[in-house]
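Work through these exercises with the sequence and model open. Try each task before reading its solution.

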Amino acid sequence: MTNYFMFINQLKRTVIASVIFVGSLNLISCANTAEGAGTGALAGAAGGLVSGLIWGGDPLESAARGAAVGAASGAAVGAVQDAKQSSAKEAPQQTTENSSGQLPSKEQLIAAIGEPAVDGIVALAKCDYSSALSKAKLSKAASEPHYQEAGVWLEALSYAETGDVDKLNASYAEIIKLDKQVSNVLEAQTELSESLSKLKQIRLEHNLPESCS
């Protein structure tokens, strides 16, 4: 009889331990899922900021335009600029209908501005300037002109936040060279200032510090 009760008690302890273990796995899984969803949303918002600088329009619309041009291998710089100049009415109807309040997926952004730029702007949103500038350098070394442009804008955003005036001024010249919609330093500064304000708002919306300092 004693052995029987000992067996029952051991069985109970085993069942309880198993329940606790399974519960822990579920909590970890939920946390990972939530973290992944949060990172995806941040990539969509921050990446959409950069794609908007290059392609124009809201984040979803600009990413769709960029992805469409990027899908055509060997797209010329002129095609990139034509896409940026086109109005929202000229965008695919489905994009126009779905763009309101929605963010582009990371896959769309990668096609539009390149993976280094997407990862870089997420790093910048998290105040990781070293990673942001490293990714910007990779983007600038890409063969696709719009990836290069994304890298230059990412670099300028990083230098503006860190207060590196000399390097920021050098970035303006690169922006004017690559972005045909920006013809002078004042225009580049205006675009940059608006983008920095949007970046701060994105941080707040994703429970990150508004400023890194």
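**Exercise 1.** Over residues 69-100, how many contacts beyond four places in sequence does the model have?

*Solution.* This is a predicted model; local features need pLDDT of at least 70, side-chain atom pairs count only at pLDDT 80 or more, and totals for chains, interfaces and linings use all residues. Residues are numbered from 1 along each chain as its sequence is written, and side-chain values use heavy atoms, without hydrogens and water.
- Check confidence: pLDDT (the predictor's confidence in each residue, from 0 to 100) stays under 50 over residues 69-100.
- Count contacts (heavy atoms within 4.5 Å): the model has 41 beyond four places in sequence for residues 69-100.
- Turn to residues 15-38: pLDDT stays under 50 there too, with 1 such contact.
- Read with care: where pLDDT is low, the predicted coordinates should not be read in detail.

**Exercise 2.** Describe how helix α5 meets helix α8.

*Solution.*
- Locate the helices, which are DSSP runs (H or I, at least four residues) numbered from the N terminus. Helix α8 spans residues 145-162, and α5 spans residues 106-113.
- Take the geometry: the axes come within 7 Å and cross at roughly 100°. Axes are lines fitted to C-alpha atoms over the stretch in contact, and angles run from 0 to 180 degrees between N-to-C directions.
- Classify: α5 and α8 are therefore roughly perpendicular, a label for angles of 65 to 115 degrees.
- List residues: I110, A111, A112 and I113 of α5 meet H146, Y147 and A150 of α8.

Technical notes:
Helix = DSSP H or I, 4+ residues; strand = E, 2+ residues; numbered from the N terminus. Parallel < 35°, antiparallel > 145°, perpendicular 65-115°, else oblique.
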